[in-house]
Amino acid sequence: IVVNSIWIAIDADYNNAGVLTEAHWTFQVMEIALSVFFLFEWIVRFGAFRRKWDCLRDRWFCFDSLMLGLTLFETWVVLIVISASAWYFKDANASRN
């Protein structure tokens, strides 16, 4: 949490890109690394529940699941959609000419 908080401050101060794909590679690597780390942490915490349904009773786990979902959506889904749309529109514009 501390490393992520520090990274958010650095990202806010020095990253001028609107989307991750336009950011400097260090910002991209850190975003992906932090999301992978949080996914690993979530998997370990989920594995610690004896009965997996009990995770739904743990409010902190539910909150962390929501935060992880938003992080993965922002980092991976948006990245894939932007990349795919850039490829599609580049290909569509090339076929018009």
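Residues are numbered from 1 along each chain as its sequence is written, and side-chain values rest on heavy atoms, with hydrogens and water left out. Because the model is predicted, local features were required to have pLDDT of at least 70 and side-chain atom pairs were counted only at pLDDT 80 or more, whereas totals for chains, interfaces and linings use all residues.

Side chains of opposite charge can pair when their charged atoms come close. With a salt bridge taken as a side-chain nitrogen of Lys or Arg within 4 Å of a carboxyl oxygen of Asp or Glu, the count comes to three. One of these joins Arg-45 to Asp-64, with the closest N and O atoms 2.2 Å apart. This pair links distant parts of the chain, 19 residues apart, since Arg-45 belongs to helix 2 (residues 25-48) and Asp-64 to helix 3 (residues 59-96); helices are DSSP runs of H or I of at least four residues, numbered from the N terminus. Accessibility is classed by relative accessible area (buried under 20%, exposed over 50%, partly exposed in between; 1.4 Å probe, protein chains only), and on this scale Arg-45 is partly exposed at 25%, as is Asp-64 at 28%.

Arg-51, Asp-54 and Arg-57 are linked in a network of salt bridges. Asp-54 is partly exposed, with 22% relative accessibility, while Arg-51 is exposed at 54% and Arg-57 is exposed at 66%.

A search of the whole structure for disulfides (pairs of cysteine sulfur atoms within 2.5 Å) finds zero. The sulfur of Cys-55 lies 6.4 Å from that of Cys-62, its closest cysteine sulfur, which is too far for a bond. Cys-55 is buried, with a relative accessibility of 8%, and Cys-62 is partly exposed, with a relative accessible area of 31%.

Aromatic pairs were assigned to rings of Phe, Tyr and Trp (its six-membered ring) with centres within 6.5 Å, planes under 30 degrees apart counting as stacked, over 60 as edge-to-face and the rest as tilted; seven such pairs are found in the whole structure. The rings of Phe-46 and Phe-61 are stacked, because their centres are 6.2 Å apart and their planes lie at 25°. Phe-46 lies in helix 2 and Phe-61 in helix 3, so this pair ties together parts that are 15 residues apart in sequence. Phe-46 is partly exposed at 25%, whereas Phe-61 is buried at 2%. Phe-61 also pairs with Phe-49, with ring centres 5.3 Å apart and planes at 75°, so this contact is edge-to-face. Phe-49 lies in the loop between helix 2 and helix 3 and is buried, with 17% relative accessibility. Trp-42, Phe-46, Phe-49 and Phe-61 form one aromatic cluster.

The largest pocket has a volume of about 790 Å³, the volume being the space filled by probe spheres set on the points. It is lined by 30 residues, of which Asn-4, Glu-31, Phe-38, Thr-71 and Glu-74 lie nearest its centre. Helix 1 (2-14), helix 2 and helix 3 each supply at least two residues of this lining, and the largest share, ten residues, comes from helix 3.

Terms used: 1 Å grid on protein atoms, 1.4 Å probe; cavity = no way out; pocket = protein on both sides within 12 Å on 5 of 7 lines; lining within 4 Å.
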